[in-house]
Amino acid sequence: MFDKILVANRGEIALRIHRACREMGIRTVAVHSTADVNAMHVRLADESICIGPPPATDSYLNIQAMLTAAIITNADAIHPGYGFLSENADFAAKVEEHGFAFIGPSPDHIRLMGDKITARQTAVEVGIPVVPGSDGVVADLDEAKVAVESIGFPVLIKASAGGGGRGMKVAQSAKELPDALDDAKREALAYFGNADVYIEKFLAHPRHIEVQILADNHGNVVYLGERDCSLQRRHQKVLEEAPSPALNQAERHEIGAIAVAAAKKIGYRNVGTMEFLYENGKFYFIEMNTRLQVEHPVTEMICSLDIVREMIRIAAGAPLGFQQKDIRFSGHAIECRINAENPVTFMPSPGRVGDYHAPGGLGVRVDSALYSGYTVPPHYDSMISKLIVHGTNRNECLMRLRRALDEYVIDGIETTIPLHQRLVTDTDFVNGDYDVNWLEKQVGDE
Ligand code: MV4
């Protein structure tokens, strides 16, 4: 097992990883920008090292600084967390070239899934259902017309280097196709430096359901159920739950078995999430995330296991300590992402936190790096806390979530707690009756 892990991240996820290390008897190194000298992840770690000025490009995204920090502190392994360098295949490769273990998938798998066209082609090869669409890159209007012939309108044009919804364009009819194609290619080039696009049938009312898998280096692969992440605003998730209120047990096991078989076929290792659109009882693969995800705690709560601990064990070469039959899905969990934002306009609200009181009690978990007197810096993502609640069923979970939101005090800055309080009493939400378009209709956005 590793003696010392460098946590290449900040905020709540740096704390989350530090906690798993502590419980395994592993020492931790925190990295921080000059804006994060007083951050909680720095305070809790065994040692810390400054890696640059506030802008992430000069610090948390600086590969040379990160490797230098690992060399200076004599770390054995690097955990990238989520965001920042977590899905950078070149970073993962350099980490390994320098003799450190990268706590995540192989650089090749990160690269394969980072390109959405190769991810889609791989999914087809290993028997995962995908959204009907083009075989590969759609180079020009003629190729677009050929692809559309078999699938019909409406279609969605997506950037191969994309993600986060950027560079996506809908064409409702043949008339709209030329402009949609041009716009998508132009945006793809501008955002990602890569104009490659592909075409899918546009699904009008899907849910976003993702399957968590764990794979060790010895051929063992398990799925840890699914998460319903349909509640998003501008492609940012707002609230996630496990299990999905939309699936029955047969569908759950069917999609889990497909994900496991596919991961085995491609020799995947460590943690991964297959994202699906789910509409009218059918699953359609869209992307695979090759990192620990923000919403991993809802899975931990229903499976009673520590995903970060498993990631570390796998990276150290240990076999999974359990099989699929040992994994029981128990009860229901919901995560609210709490952002330092105005709950109506969503304008960022960084600044100094006054009184701080986190909720507690049975079934309540708060993953946050906040403390009273902490100043939320303006340079990074506005998510400041995750409130995760577990109950024996969805209704108990909802009742508990309402009381936990009511207990939560974060003074001095604006937060999205009031938005969550509204959401968790909404009739549609209470009935589990929502799709990926529902939240934006509620908040009157776009
Ligand atoms: C789609 C889709 C409908 N049809 N693909 C948005 C981000 C990217 N990861 C995939 N996205 C979508 N792909 C087809 N063929 C609708 C979306 C979508 C969406 C997906 C998941 C969660 C929220 C969303 C909000 C708007 C659109």
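**Salt bridges in close-up**

**View A. Lys386 and its partner Glu12.** With a relative accessibility of 0%, Lys386 is classed as buried, a term that denotes under 20% relative accessible area, with exposed meaning over 50% and partly exposed lying in between (1.4 Å probe, protein chains only). The model is predicted: local features need pLDDT of at least 70, side-chain atom pairs count only at pLDDT 80 or more, and totals for chains, interfaces and linings use all residues. Residues are numbered from 1 along each chain as its sequence is written, and side-chain values use heavy atoms, with hydrogens and water left out. Lys386 makes a salt bridge to Glu12, their closest N and O atoms lying 2.9 Å apart; a salt bridge here is a side-chain nitrogen of Lys or Arg within 4 Å of a carboxyl oxygen of Asp or Glu. This pair joins distant parts of the chain, 374 residues apart: strand β19 (residues 383–391) holds Lys386 and helix α1 (residues 11–23) holds Glu12. Helices (H or I, at least four residues) and strands (E, at least two) are DSSP runs, numbered from the N terminus. Glu12, at 6% relative accessibility, is likewise buried.

**View B. Arg337 and Glu240 within a network.** A salt bridge connects Arg337 with Glu240, at 2.6 Å between the closest N and O atoms. The two residues, 97 apart, link strand β14 (residues 332–339) of Arg337 to strand β11 (residues 236–242) of Glu240. Both Arg337 and Glu240 are buried. Their salt-bridge network also includes Glu210, Arg227, Lys237, Glu295 and Glu335.

**View C. Glu396 and Arg400 in helix α12.** The closest N and O atoms of this salt bridge are 3.5 Å apart. Because Glu396 and Arg400 are four residues apart in helix α12 (residues 394–407), about one helical turn separates them. Glu396 is partly exposed at 28%, whereas Arg400 is buried at 16%.
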